[in-house]
Structures are given as C-alpha cells and as structure tokens.
Amino acid sequence: MGSSVETLEFQAETRQLLRLVIHSIYSNKDIFLRELISNASDALDKLRLESLTDSDLQADTSDPHIALEVDRDARTLTVRDNGIGMSRDEIVELIGTIAKSGTAGLLEKLKDAQDAAAAQSLIGQFGVGFYSAFMVADKVTLRTRRAGTDAGTQWESDGEGTYELQAVDGLPVGTSVTLHIKPADTEDGLADYLAESKIRQIVKQYSDFIRWPIRMATERTDAEGATTRETDTLNSMKALWARPRNEITEDEYTEFYRQISHDWQPPAKTVHMRAEGTFEYEALLFIPSQAPFDLFSREAKRGVQLYVKRVFIMDDCEALMPNYLRFVKGVVDTHDLSLNISREILQHDRQIRAVRRRLVKKVLGAVKEVRTGDAEAYATFWSQFGSVLKEGLLEDTDNTEALLDLVSAASTHDPDKTTTLREYVERMKDGQEAIYYLTGETRATVENSPHLEAFRAKGYEVLILTDPVDEVWVEQVPAFDGHRFQSIAKGQVDLDEPADGGEEADAEKSRREQDFAALLAWLTTSLAGQVKQVRLSSRLTTSAACLVGDAHDMTPTLEKMYRAMGQQVPPVKRILELNPAHPLVAALRTAHEADATDPALAEIAELVHGSALLAEGGELPDPARFTRLLTDRLTRAL
Ligand code: ADP
Ligand code: MG
C-alpha cells in the first residue's frame with residue numbers, strides 16, 4: 001500500500017447536516033442499520049443491472065449478499081456488500097458532498113426551525129442516509145472498490161469536519177462500512193449495537209424483506225465448551241407483494257395476512273396491485289373478516305405499513321388509509337420516497353395523496369365484491385365493520401356514492417333481513433320521492449314507534465337506523481340516487497295527497513284544522529314548558545299522539561349521545577302531534593269547548609305528552625308526577 005493519506009474537508013452543507021445528525025435529531029438511532037443495509041441493497045441492484053448491460057464489467061454476480069460482521073474486541077460493526085462499489089471520485093462526490101438539490105435551502109430552514117419537532121419534520125423531506133452511521137459510531141471507515149476497476153479506496157472520518165482518503169490494494173469488488181461503535185448509553189438512546197440479538201431485531205424489524213440475503217456469522221458454544229461458527233441469514237427476503245399475482249397461492253396470501261394482522265381468520269378479501277409510471281408502488285391489502293377488539297378505541301391504529309423499496313418505514317400509516325378504513329391491513333411499498341420521510345411530509349405529499357385516493361377506491365371496490373359475491377358473508381362483514389364504514393359518509397365526501405352503495409340497513413320491508421339502498425329505491429312507491437327512515441336506540445323501540453303507523457298503513461317502507469353514527473350521516477348526506485333522506489319523525493308529513501281530488505282533501509283538511517284550532521292553541525300554551533308547538537298529525541292511525549322535530553332539529557338520541565360524550569347541548573323542544581281521528585283527542589276537544597278552565601284538561605294534556613314520550617322510548621322528565629297523575633285519572637275513571 002504505502003500510498004499517501006489525503007485529508008479533505010466536507011462541503012459546508014454536509015458539515016451542518018452531520019452536526020445535526022450527531023446531535024441526535026433522531027430519537028430512534030436503530031435506523032442507522034436500515035440506512036446502511038438499504039445502500040448495500042441498492043449497490044447490489046446496480047451491479048446486477050450494470051452487468052446485464054455492460055459485458056466488460058466482468059463482475060462476479062454469483063452470490064450477491066450483504067454481510068454483517070461484529071468484532072467485539074475492536075468494538076466494530078461492519079456492513080459489507082459485494083455490489084457496485086465506488087471509485088475515489090464517486091466517494092468524494094457521493095459521500096463528501098450532498099448532491100441532492102434543495103439541500104442548501106433545507107438547511108437554511110432547519111436553522112430557522114423553532115424546535116426539534118419542526119426540524120424533524122423538515123428533515124423528513126430528505127434522507128440523511130449514510131451519515132446516520134455517526135449517530136452510533138465515533139469513527140466510520142469505508143472501503144470500496146468499483147466494479148470494473150482495480151483501484152480500491154479507503155474513506156475514514158470521525159464526522160467532525162474532515163475525512164481522509166487513501167488508496168488501498170487488494171480489496172474485493174463492493175463496499176464495506178465499518179462503524180466504531182460508541183459505548184451503549186440508554187439515556188442517549190444508544191443500545192448495544194454489537195449484540196447479536198439487537199442486530200437481529202433491527203434487521204427483522206426494518207430489513208426483513210430486502211431481496212438480498214443479509215448474513216451474519218454467529219458463534220455457538222456447545223455443552224463441552226467448543227465454539228462453532230456458522231453463518232445465518234437474518235432476513236426472510238420474501239416480499240410477497242413484489243411477486244406477480246398469478247404466482248401466489250391463496251395459502252401464501254393467508255399466511256402473510258396472519259403474520260401482519262395476528263388474526264387467525266382468513267381475510268374476507270385480498271387486494272394486490274402494482275402501479276407503474278412516475279410514482280411506482282406495490283400494495284397488498286387485506287379486508288379482515290372479523291373486527292379487532294380495539295376497532296372503536298381512540299388508540300385504534302390503521303393497519304397499513306409503509307415500505308420504501310422493501311425497507312420498513314412505519315406502521316399505522318395514516319397518510320395512506322383514512323380513519324374509516326382503519327380495519328384494512330397490509331403493506332404499501334413505494335419506490336421513490338426517502339427512507340426518512342416523516343408522517344407530516346407524507347400527509348402533504350401530492351403523490352401519496354394520489355396513492356391514497358386510488359387505494360381507497362380499490363378497497364371500496366373490494367368490499368362491494370364481498371357484497372355481490374356472498375350475501376351471508378356480507379351480512380357478517382357489515383355487522384363487524386358497517387359502523388366504521390359509515391364514518392366515511394362523514395369524512396370522505398369524495399366517496400359518498402360508493403359508500404352509500406355499501407350501506408346495509410334494517411327496514412320495515414322484511415323484519416329478518418337488511419336491505420341495501422338500491423333495493424329500497426327499487427321498491428319505492430309511485431310518486432314517493434324521499435327515502436324514509438327513523439332513528440332510535442333499538443330496533444324494537446323504532447319498530448313500535450307511533451311515527452310508523454301511517455307509513456305502515458299506506459305501505460311505505462321505512463329504514464330503521466339504530467347505529468349511533470346513523471343519526472349523523474343521514475343529516476349530512478344529500479341524497480342517494482337522487483332521493484333525499486327524510487326522517488319520519490321530523491318536519492311535516494303529508495301522506496294522504498291523492499293525485500286527483502286534491503282540492504277536496506285540502507278542503508277537508510282546513511275544516512279539521514278550524515275545528516281543532518282553539519284546542520291546539522290552548523294546548524300549545526299549556527304545554528309550553530315541554531313542547532314548542534301542538535299540531536294535528538297525519539302520521540298516526542292508532543295512537544293519539546306522537547312527538548316530532550323540526551326538519552333540522554337534533555333527534556333525542558343524538559342529544560343523548562352528545563350528553564354521554566360530555567358535551568353541552570341546549571335541550572331541544574319538540575312538537576306534539578295529535579291524531580284528530582282518535583277518540584281521546586276528540587273528547588279533549590269537546591271538553592275544552594265545554595269548559596276551557598277545567599283543571600283536569602291540563603293534567604290530561606300532560607299525560608298525553610308523557611305517553612307520546614314513552615311510546616318512542618324516551619324518558620319522562622318527572623316519572624313520579626306522571627305516575628301520580630295517571631293513577632288519579634284511573635281511579636276517577638272506575
Ligand atoms: P441515498 O441512499 O439516499 O442516495 P445515502 O447518504 O444513503 O443517500 O448514500 C449516498 C450515496 O452514496 C448513495 O446514493 C450511493 O451512490 C453511495 N453509496 C452509499 N453506500 C454505498 C454502497 N454500500 N455501495 C455503493 N454506493 C454507496
Ligand atoms: Mg441511502
């Protein structure tokens with residue numbers, strides 16, 4: 001050897017960046033190994049590619065691999081590859097300077113960044129890659145020989161501002177990076193990076209799917225104290241998502257799903273796709289057939305992991321899957337992102353947003369396939385995930401139509417089966433414009449609610465919505481297939497409007513209203529504490545009264561939900577509707593006409609209101625008083 005040692009200075013920006021890296025902008029120091037392995041893997045890719053196109057290269061590509069070597073005495077960890085290698089000039093260019101565009105600007109912004117979090121999110125735009133070695137090493141020695149050349153080069157630095165270069169003879173083709181590991185220091189987040197178990201864990205976590213073997217020599221001491229050395233491959237290399245679909249069996253998909261989901265049921269649906277072009281990625285997503293226990297907990301995580309070129313980047317990647325699809329499990333592997341990409345940057349990345357839009361469409365399409373494929377499987381799926389999917393009707397207005405298409409709801413049409421909105425619309429009566437629904441806490445209270453009477457009698461189908469989220473989406477979603485959603489417990493309902501003879505019906509109606517005007521006015525005053533209005537109803541056939549809301553009033557169930565969540569909501573006064581054909585209402589009118597000052601009238605009014613409240617499953621404001629009034633009335637009646 002004997003060649004002279006040259007000392008060179010890092011480019012100014014590089015120095016700045018090194019200082020940042022060393023002074024721990026990263027809380028997670030483990031990632032240095034992921035960065036070095038990723039570089040080695042790239043170098044192996046490049047050598048394979050170059051040897052295909054350049055026959056003069058004469059490179060040995062018989063056993064491309066990455067080797068990890070630990071020397072506990074020297075306290076070094078070496079990452080070695082037999083990839084493309086670097087020439088002296090390439091080292092200066094690639095390692096000594098930061099060639100990437102925009103670096104200077106980034107560093108300017110970093111200087112201005114107020115705190116560590118801001119710095120962290122800025123640096124996420126940019127891979128520090130190789131320099132991350134200095135987080136765990138106080139000296140780094142890189143030896144490399146470019147394929148197709150004879151000259152080897154050694155680069156060495158303590159990361160402080162300069163590096164040394166010298167020529168080295170006799171190196172194999174490829175690169176070795178030797179880290180002189182700092183002592184373990186838990187306070188500083190420095191693990192024992194010379195420990196076999198730690199190295200195994202990091203490789204398994206971040207680099208398992210690297211397509212080249214990552215080998216490590218290990219020592220085993222047997223019972224007699226004899227040590228044997230063997231070489232282990234630490235990574236599985238099996239990135240199922242990167243293989244062509246037609247070569248993957250159902251069992252392989254299921255096995256992979258089990259690994260990433262810890263769910264023992266096979267998935268309901270598998271989505272495997274590859275996007276080519278300007279932004280390449282592979283996605284392998286699964287729709288589970290059963291819900292995890294924490295689906296509704298605040299801490300529930302999204303099930304999609306992000307990889308960059310087979311390197312694990314993060315779990316729970318919210319930028320790739322909306323909250324309402326948090327049950328989807330799987331992997332997205334992109335080819336053109338920095339390994340260091342942060343969550344914040346991902347959220348705002350235009351291309352990632354496009355990927356997310358595409359994945360959402362695919363997932364919704366797959367759910368639809370479950371529906372069209374097997375009604376029973378879909379019923380199970382919907383019972384598990386329907387409530388979560390319906391959150392999408394509030395969050396994701398881009399996909400309202402696709403989501404409405406998936407909605408499955410109980411209805412008065414068939415007590416044993418749910419219906420889709422499409423089926424509902426197909427059964428709509430001539431002239432029916434709206435999709436009728438009624439919300440409530442349980443199916444039984446809704447089904448027995450007086451509001452349904454006239455709809456039943458006239459043969460109109462009503463959806464029975466008992467999921468808490470139903471209260472909200474029906475208010476927000478404008479329409480399905482051109483039909484708006486109409487609560488039968490809200491607003492005015494006019495079911496008896498025959499197409500002909502309309503005038504006669506109108507005349508009849510106004511006559512009735514005149515007859516009852518005095519009673520209604522009196523009741524409105526008498527019950528002013530409880531309701532905002534008393535009026536005649538066309539919803540009722542058998543009951544005397546029911547309570548309804550104005551078109552945009554909050555329903556009682558929703559009011560209760562908000563209160564349960566600890567939110568302040570002003571009490572919503574409702575409207576009491578009376579059935580003019582009911583004998584009690586008729587008798588009330590007669591009694592009021594005879595003597596409007598009779599104290600019994602006010603008590604009966606209170607009882608009518610209380611009964612209407614009970615009939616819809618509501619709670620009486622003063623149950624004891626109600627019971628006393630009722631008992632008195634009954635006693636007098638006997
Ligand atoms: P990035 O990988 O994002 O380009 P790095 O800082 O990790 O950034 O590496 C800088 C460059 O150094 C790489 O692009 C590559 O050209 C070169 N390099 C790093 N490690 C190796 C290696 N093991 N073999 C060959 N080239 C390497
Ligand atoms: Mg790199």
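Helices (H or I, at least four residues) and strands (E, at least two) are DSSP runs, numbered from the N terminus. The model is predicted: local features need pLDDT of at least 70 and side-chain atom pairs count only at pLDDT 80 or more, whereas totals for chains, interfaces and linings use all residues. Residues are numbered from 1 along each chain as its sequence is written, chains are lettered from A and ligands numbered from 1 in the order in which they are written, and side-chain values use heavy atoms, with hydrogens and water left out.

An open sheet of 9 strands shows mixed pairing in the order β1-β6-β5-β4-β7-β3-β2-β8-β9, where two strands pair if DSSP finds at least two bridges between them. Strands β1 (6-9) and β9 (227-233) stand at the edges with a single partner strand each, so one side of each has no neighbour in the sheet. Strands β5 (residues 152-157) and β6 (residues 162-168) pair in the antiparallel sense over 5 bridges, and glutamate 156 stands opposite glutamate 164 in β6.

Of the 12 residues around ligand 1, Asn39, Asp81, Leu94, Phe130 and Thr175 come nearest (a residue is near if one of its heavy atoms lies within 4 Å). An oxygen atom of ligand 1 is 2.7 Å from an N or O atom in the side chain of asparagine 39, and a nitrogen atom of the ligand is 2.9 Å from such an atom of aspartate 81.

Notes:
A polar contact is a pair of N or O atoms within 3.5 Å; within protein, one must be able to donate a hydrogen and the other to accept it, and residues adjacent in sequence count only if both atoms are side-chain atoms.
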